Amino acid sequence: MEQNLYTQIKSNKRKTFLILIAFVALFVSATWAISFAMGYKNKRLIENMIVVTICCIIYLLITCCTPLAASLAPLSVGAKRIDNKDKNEHSEKVLINVVEELAIAANVKCPSIYIQDNTNEMNAFASGTNKNKASITVTLPLLNILNRDELTAVIGHEMSHIRNLDIRIQTIANSIYDILMWITYILGEIAEYAFLFMGSNDDNDSDDGNDDNSVIAQLLVALIGNTILPIAAIGLKLALSRNREYLADAGSVELTHNPQALTSALLKIDNSAKEEAEKEDKLNISIGMLGINGDLKKTHWYDEFLNTHPSTENRINRLQHM
Amino acid sequence: MAFLIIVIIAVVLLITYIVLYNGFVKLQTQCDEAEAQIDVQLKRRNDLIPNLVNTVKGYAKHENSTLTEVTKLRNQIMDTESLGDKLKLSDKMFEQVKVLFNAVAENYPDLKASENFMGLQEELTNTENKIAYSRQLFNSVVKNYNVKVQTFPSNIIASIHHFTKKEFLSIPETEKEAPKVEF
């Protein structure tokens, strides 16, 4: 089937679903690993897994259901809010108009708008878990360098994040990642203490679960889990982030029907970021995963898997097939 | 036992029915809201006209006919009821305004840099975009509604409660011959 905007959106959504399934599978394996490594057997193993799962769900509910104000992220980087006033600069007026236009197209209430003027980086990000109470922040260099069409494309990308509830999905993914890291830590502790148990039990009473052989098995599970779990967890978290970025690009085109504008905006942002990196010779880390540009350094083959954003080359490639 | 199964099936069917019907009401309301949104943007565009005309009047003293045409169309729009007709008239009027505006800009290039002019130019772009996006949104919600009206099993509910397919808004063709403005 020929690639177009709608097939891409569909395949992106399918990939998100697969990644979430993988997260769940990873989580179940992790609860098994921790329960097994702690010495639970048979029926008690399953009971323990359920208890761990319930505790994690409670943790998830607490962290994900407390609403965070959309103004937290922009205010934390020193951005200032702009409102529609007569004394606005021309560029501010344009920004407000563009955001209002795209809010109509995306069928959401107009987000609050912030400008960040304390950086030389071109960047934009969205915040807010409620799609009608969101915020969009734009850095001053981005506002000054992009033309109106390119600005529209970038805001369209951020508006898609808001409309697709990506901020909420990322929050949940982060919480699951935290839980998996916690389990990793516990497995590490178990591995340490397992050494103490080994050799101190002489009876081979299998009800107890503390005979030497099973302790070795527990130790192995703890060690392997401690190594693999963090790699898998971060891999999945980054894969989800990149996947949602592709979807936001497609969403921007769905709203604006102008893939060329987004392409040229991405190129401008990329070039400016490379220039800045050369000047400062340090990593430019954008706030969270919703910035339009991710980490920047010299590119390596593994960068595609360690970045929150897909490479600009890949994004432009996909845009050209819309 | 068999009685219990029948009851469960009946309950499931009833819930499905209610969910589908409510879905239709929601989509219908979305379409109505999108239509009202277009109306809001059209009014906004209409209200913009006097300011634009005043700004341009000073520089286009010889173009009274176009200015009169614009004012006439604007008054006509205020008396029109149907959204489709309003849209057509509004687009026609706006084409004239744009031509006028561009002609003034060409003949007085210094004006292009003035902040007032840039601000008005931005207003023109902004208003036009908002109407375009409102149309786009309307077509998008109508698409969702039409899909639901025609697919199974919601088409059953649709025919029972007389939810019928809606028309898309077509983008009007620009005038074949743009009106000329002479200075």
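**Exercise 1. A strand in chain A**

How many of the five residues of strand S2 (residues 112–116) of chain A are buried? Work it out in this predicted model, then place the strand among its partners.

*Solution.* 
Step 1. Apply the cut-off: a residue is buried when its relative accessible area is under 20%.
Step 2. Five of the five residues of S2(A) are buried, so the strand is largely enclosed by the rest of the structure.
Step 3. Sort the side chains by direction. A:Ser112, A:Tyr114 and A:Gln116 point one way. A:Ile113 and A:Ile115 point the other way.
Step 4. Take the pairing with strand S1 (residues 80–82) of chain A. S1(A) and S2(A) are antiparallel, with three bridges. In this pairing, A:Arg81 stands opposite A:Tyr114.
Step 5. Take the pairing with strand S4 (residues 135–139) of chain A. S2(A) and S4(A) run parallel and are joined by five bridges. Here A:Gln116 is opposite A:Thr139.

**Exercise 2. Confidence before detail**

*Solution.* 
Step 1. Start with the scores of the model: ipTM is 0.77 and pTM is 0.82.
Step 2. Average over chain B. The mean pLDDT is 81, and 91% of the residues score at least 70.
Step 3. Check for stretches below 50. Residues 175–183 of chain B fall there, and the stretch has 14 contacts in the model beyond near neighbours in sequence.
Step 4. Where pLDDT is low, the predicted coordinates should not be read in detail.

**Exercise 3. Salt bridges**

Which residue forms a salt bridge with B:Asp91?

*Solution.* 
Step 1. Get the total: 16 salt bridges are found over all chains.
Step 2. B:Asp91 pairs with B:Arg135, and their closest N and O atoms are 2.7 Å apart.
Step 3. This pair links distant parts of the chain, 44 residues apart. B:Asp91 sits in helix H3 (residues 83–107) of chain B, B:Arg135 in helix H4 (residues 115–150) of chain B.
Step 4. Both B:Asp91 and B:Arg135 are buried.
Step 5. Turn to B:Glu95 and B:Lys98, whose side chains meet at 3.5 Å, N to O. They are three residues apart in H3 of chain B, so about one helical turn separates them. B:Glu95 is partly exposed, at 24% relative accessible area. B:Lys98 is also partly exposed, at 24%.
Step 6. Look for shared partners. A:Glu101, A:Arg148 and B:Glu122 are joined into one network.
Step 7. Return to chain A. A:Asp83 and A:Arg81 form a salt bridge at 3.8 Å, N to O. A:Asp83 is partly exposed, with a relative accessible area of 37%.

**Exercise 4. A nonpolar patch**

Which element gives the largest share of the nonpolar surface patch on chain B?

*Solution.* 
Step 1. List the members: B:Leu14, B:Tyr17, B:Ile18, B:Tyr21, B:Val25, B:Phe152, B:Ile156 and B:Ile160. Together they make a patch of about 750 Å².
Step 2. Assign elements. H1 and helix H5 (154–160) of chain B each give two or more residues. The largest share, five residues, comes from H1(B).
Step 3. B:Ile156 lies in H5 of chain B. B:Ile156 is partly exposed, at 42% relative accessibility.
Step 4. Examine B:Phe152. A cis peptide bond joins this residue to B:Pro153, with omega about 0°. B:Pro153 is in the loop between H4 and H5 of chain B.

**Exercise 5. Positive phi**

Where do A:Asn107 and A:His257 lie? Give the phi and exposure of each.

*Solution.* 
Step 1. A:Asn107 is in the loop between helix H4 (90–106) and S2 of chain A. Its phi is positive, about 60°, although A:Asn107 is not a glycine. A:Asn107 is partly exposed, at 33% relative accessible area.
Step 2. A:His257 is in the loop between helix H8 (212–256) and helix H9 (259–280) of chain A. Phi of A:His257 is near 55°, again positive in a residue other than glycine. A:His257 is partly exposed, at 48% relative accessibility.

Methods
Residues numbered from 1 in each chain as written. Chains lettered and ligands numbered in written order. Predicted model: local features only at pLDDT ≥ 70, side-chain atom pairs only at ≥ 80, totals over all residues. Heavy atoms only, no water. pLDDT = per-residue confidence, 0-100. Contact = heavy atoms within 4.5 Å. Salt bridge = Lys/Arg side-chain N within 4 Å of Asp/Glu carboxyl O. Buried < 20%, exposed > 50% of the residue type's maximum accessible area, 1.4 Å probe, protein only. Helix = DSSP H or I, 4+ residues; strand = E, 2+ residues; numbered from the N terminus. Patch = residues over 30% accessible without salt bridge, like charges linked within 9 Å, V, L, I, M, F, W, Y side chains within 5 Å. Areas by Shrake-Rupley, 256 points an atom, 1.4 Å probe, with all protein chains shown as cover. Pairing = 2+ DSSP bridges.
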